[in-house]
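Reader: Can you walk me through a model? Keep it quick.
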Amino acid sequence: MGKLFAVIVFVIALLSAIPIITHSWFGSGISFALPEDISTHGHAIDEQLSDTMVEAGLSFLAAQFVLAFFVWKFSNRQANAEIKTFPGGAKGLVIAALVLVGTEMLALGILGQKAWAAVYFTPAKPDAIQVQAQAGQFAFYFRYPGADGKFGALHPDKIDEGNSNFFGLDPANDVDSRDDIVTGELAIPINREVHLMMHAKDVGHSFYVRELRIQQDFVPGLDLSVHFTATKVGKYEIVCTQLCGLGHYNMKAYLNVLSHEDFDAWMKQKASEQ
Amino acid sequence: MSDGAVQAVPTTADVVHHHQPPQGFIRKYVFSLDHKVIGKQYYALALVAVFTGMVLSWLMRIHLVWPNWPIPGLGLLSKAGAPGGVMTPEYYLSLLTMHGTLMVFFVLTNAPFAAFGNYFLPIQIGAEDMAFPRFNMMSFWTTFLAFCILIAAFFVGDGPPIAGWTSYAPLSAVGADAGPGQGFGQTLWGLSIFVFCIASLLGSLNFIATTLDLRTKGMTLSRMPICTWAWFITSCIALLAFAVLLPACLLLILDRVAGTSFFIPAGLVISDRLQPHSGGSPLLWQHLFWFFGHPEVYIAILPAMGIVSHILINSMRRPLLSHRVIIYCMMGIGFLSYMVWGHHMFVSGMNPFSSLMFSFPTLVITIPATIMTLIWLGSLYGSRLRITAASLFALGFVSMFVSGGVSGFFLAQPSIDIYLHATYFVVGHFHMVMGVAAIFGVFAGTYFWFPKMTGHMMNESLGKLHFWLTFIGTYCIFMPFHYLGLAGNVRRYSAFVDDFLVPLIPVHRFITIAALCTGAAQLIFLYNLIHSRFRGAPAPDNPWECTSLEWIMPSPPPFDNFGGKHVVVYHDPYQYGVKSSTGDYLMQNSPEQVEA
Amino acid sequence: MATTIQPPETESKEPRLDDGNSGGGGLRNLGPTDGNLKVLDDFSPEPSRTGVWVGLAAITMSFAALTSALIVRQSTANDWHHLTIPSIVFFNTVVLLASSVALEIARRRIAEFARGKNPNRTTPLVWLTVTLLLGFVFVAGQYVAWRQLRAEGLYLASNPNSSFFYVLTAIHALHVLGGLAGLIRVTYILRRPVLSLRRSTMDATSYYWHFMGILWVYVLLVIWIKL
């Protein structure tokens, strides 16, 4: 039965690797590939991911194959078969682990921080488009500052969803908020940096756009923001990834990356709808 | 009061404390002070919890792929949660919360640690019982109380909480406004975990004091079996971790019922109501929770590593390449486990520099885990491996630990976590290490120690069948989770309606079928357990030819373990591959001298 | 490859003291019939000694968690309203520290009594009772402190400072009550006609009680500086 174990481990390891290598579910046409990267910082992340995949994949296969091989060879031996020690003994293995894993981890960690820094350690450009996103049970809303370039203040007590006052603006008393543009979809121009301010209305939520390689939690009480630049026109899903209640599975919006002309037209249209 | 009778200085040897056998049903089987009975009670509780948790997972998986199919009986459990047997989104989240809570606390902390540890730690060090038998009894019954409080959440007005086992604030802290289940159900959750922390602290206290103080003559720390070391290190970790979760739960309960604002900031509008709290920090909850939560997962895996090491050595008929290295690695993992909690919070809004700071120890913790894996593999080389149900599960553990561990490489890096956070990749990772590997440790321990605990042998053929079905089944369930995660499949969704998720549903269907089949296979284990308890072949004292002290006792052991005799230990616990009067092994208490 | 074998030990030799911690396996209560207690030389400490240090470690960790919660909470919002510490708190502090002194006196008297140097059992009992009384006065005084705060309109949820004040002092007081239970138990054992109070039990209970005093000084410092 030891040999059966070896065979099964070997087969499972191989089968497990197939969807990783082919990026699909065993020829069914269902793709597991990363969605196309439409961001400027994403390729560093993708590279890091594939480097890690190679290292993790090789470690996985090596360990499973060794397990299978040793169980095949050393199970159900004769009662008086000689007990042998692995060459190098424990000391060799400790050194191997320290050297191999140590350098691997160090490399991944040091190289990986560049991709992280690109997203988080660089401030938004001063001419980035300012948009505010508000996450609440169970929808995203977005706000543009309008012609005056300033956001009006938020008044939680004035929130009135029935009258589409999602952000709790007070245009009667607050001049800055009069020209704010509130929408249900996040439209941005291509190749222009966007500075997304993130406000949570009630509980924790998260902003996730796979193609943008961006994920960031909304934390009630904290002023968080992310910045990114989209490089391809199209409609992409924004989904909530932080458990926020019963509607969590359905909480989404669309990121609409437009050409500059289309974006200007869209803004004009939205401004007139306010 | 007579002061004339001056007594001699009481020494420890003079204090007379006769150890009488327990009398009466209640003392023997209910409020027992015997660590062996308490160990079995923990095991039974874990068994109930794991089957409950497993059924919950079936319900969840069925709902994900056949959402409109009415599940028979579910409507009876909750009219509001599943009208006509069709699950609502909030009920899905309730089941998800209860599944996680039951499994992490009542199964993974109980079975490998409290159950086997309570039963075998005193025996393996040659002691008569734990250091504080009354605390031991209290710790079990307090755990049981926590379990009852948790289960009660199923039956209260609004149902069980929906905030996940991680119970993030403010969702978990504001109260009923946040959604169904967030009223009394969530408070019961907080109370249950609070009580569980107390129980766990009492248990850890016992383990530590027993290991340090009650070792028998000749049983130095370095002669303790690896599983004893694992239980000892785990109890040290648990002591400090649960001591942090305890006040965290208290603060959460206060936010919910007393109007405080530890975790709730100002200006929240939930269900059209402006919440009356202000100034609190949701991130504070996350820090406190994960400061406990990360050591908790090592509490779940370390005992399994110890049990598997012990069983592998016995099955291979040779010691591991190095006893000391394994123990130092376990200590290293325990120590490092306190430095990595922020890796659950990379995109949480905490300082991104902190994220990098947490990433490095997370990567470093790979090193002791790798060393242990290499030692297990390297020790297989040249061994005389015996294949039994127990050793199959131990070998399966190694395979599962590798699989679960390598996905950690990805999640340890913040830049990659941007994409993989909160996807099924994470769910696959922790299920493989905790839900499978740690459980394999429990299975291995069960098949190995059942003869000693009950005096009957389990059915080996059924055990091996159970292994094959479970090994293949769990790979079929949890490997695909990683692929789904790479595609960006978000977790904790009660339905897959997004454009990019709908095409993945066939994969989920495969997983659900695998889960139901693997679940059914566990009934073989349950049957084997119960049938063998009453009808299994009588077990000899030492069916596996094992060297540690539990095997010198009759099966099952008498109430006072070593029959009042004083065990003396002469060797380390892994004298295998020698030529002795007993065969190729030497018991720890045998004064015999052999050549290597 | 087998590890090196240790030569078997004969019963008459001293047990090996590799790390000083192998001993009677909890069987110290069963002496051999030939009266040769040397065989059972017990080099391991009483479990209650280890137990109390372990317990104190857990309590320390809990208060460390509360302290960091306090520090983080202070930095998240601008609603930190410093409160005046109710005057009775200082009196309570003196009472608690005095109870520690009383306990130490009691402990030394008990040791004298047990060693046969002093046949008087009343003195240690009196000092134990004094300790107990002072302990109860402390808890009562804390309750008065809470009432003083309530009179000022500061309740549990009034502001974060009051929240932490109540939480810290209440959790501490709860642990003090536990310590009082331990002291009551020790008093009962001391009153038995045959002295069966182990030194380790007395020591463990005392260490716990003194720690309550030290912990209180720490909590007071935190309250003073932060709240």
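Author: Below we talk through a sheet, a helix pair and a single residue.

Reader: What should I know before I start?
Author: This is a predicted model: local features need pLDDT of at least 70, side-chain atom pairs count only at pLDDT 80 or more, and totals for chains, interfaces and linings use all residues. Residues are numbered from 1 along each chain as its sequence is written, chains are lettered from A and ligands numbered from 1 in the order in which they are written, and side-chain values use heavy atoms, with hydrogens and water left out.

Reader: Sheet first. What is the strand order in chain A?
Author: S3-S2-S1-S5-S8, an open sheet of 5 strands with mixed pairing. Strands (E, at least two residues) and helices (H or I, at least four) are DSSP runs, numbered from the N terminus. Two strands pair if DSSP finds at least two bridges between them.

Reader: Which strands sit at the edges?
Author: S3 (181-183) and S8 (224-229) of chain A; each pairs on one side only. Neighbouring strands of the sheet are turned by 25 degrees against each other on average, direction ignored.

Reader: And S5(A), how does it run against S8(A)?
Author: Antiparallel, with 6 bridges joining S5 (residues 193-200) of chain A to S8(A). A:Met198 stands opposite A:Leu224, and A:Val194 faces A:Phe228.

Reader: How many bridges join S1(A) to S5(A)?
Author: 7, and these two strands run parallel. A:Gln132 has A:Met197 in S5(A) as its bridge partner.

Reader: Why is S5(A) called largely enclosed?
Author: Because 7 of its 8 residues are buried. Buried means under 20% relative accessible area, exposed over 50%, partly exposed in between (1.4 Å probe, protein chains only).

Reader: Switching topic. What angle do H6(B) and H1(C) pack at?
Author: Helix H6 (residues 184-213) of chain B and helix H1 (residues 47-76) of chain C pack at about 140 degrees, axes 9 Å apart. Axes are lines fitted to C-alpha atoms, for helices over the stretch in contact, and angles run from 0 to 180 degrees between N-to-C directions.

Reader: Which residues make the contact?
Author: Among them are B:Leu201, B:Leu205 and B:Ile208 of H6(B), and C:Val54 and C:Ala58 of H1(C). Contact means heavy atoms within 4.5 Å.

Reader: Last one. Where is C:Thr122?
Author: In helix H3 (residues 122-151) of chain C. At 38% relative accessibility, C:Thr122 counts as partly exposed. Its C-alpha atom is 9.7 Å from that of C:Ile110, 12 residues apart along the chain.
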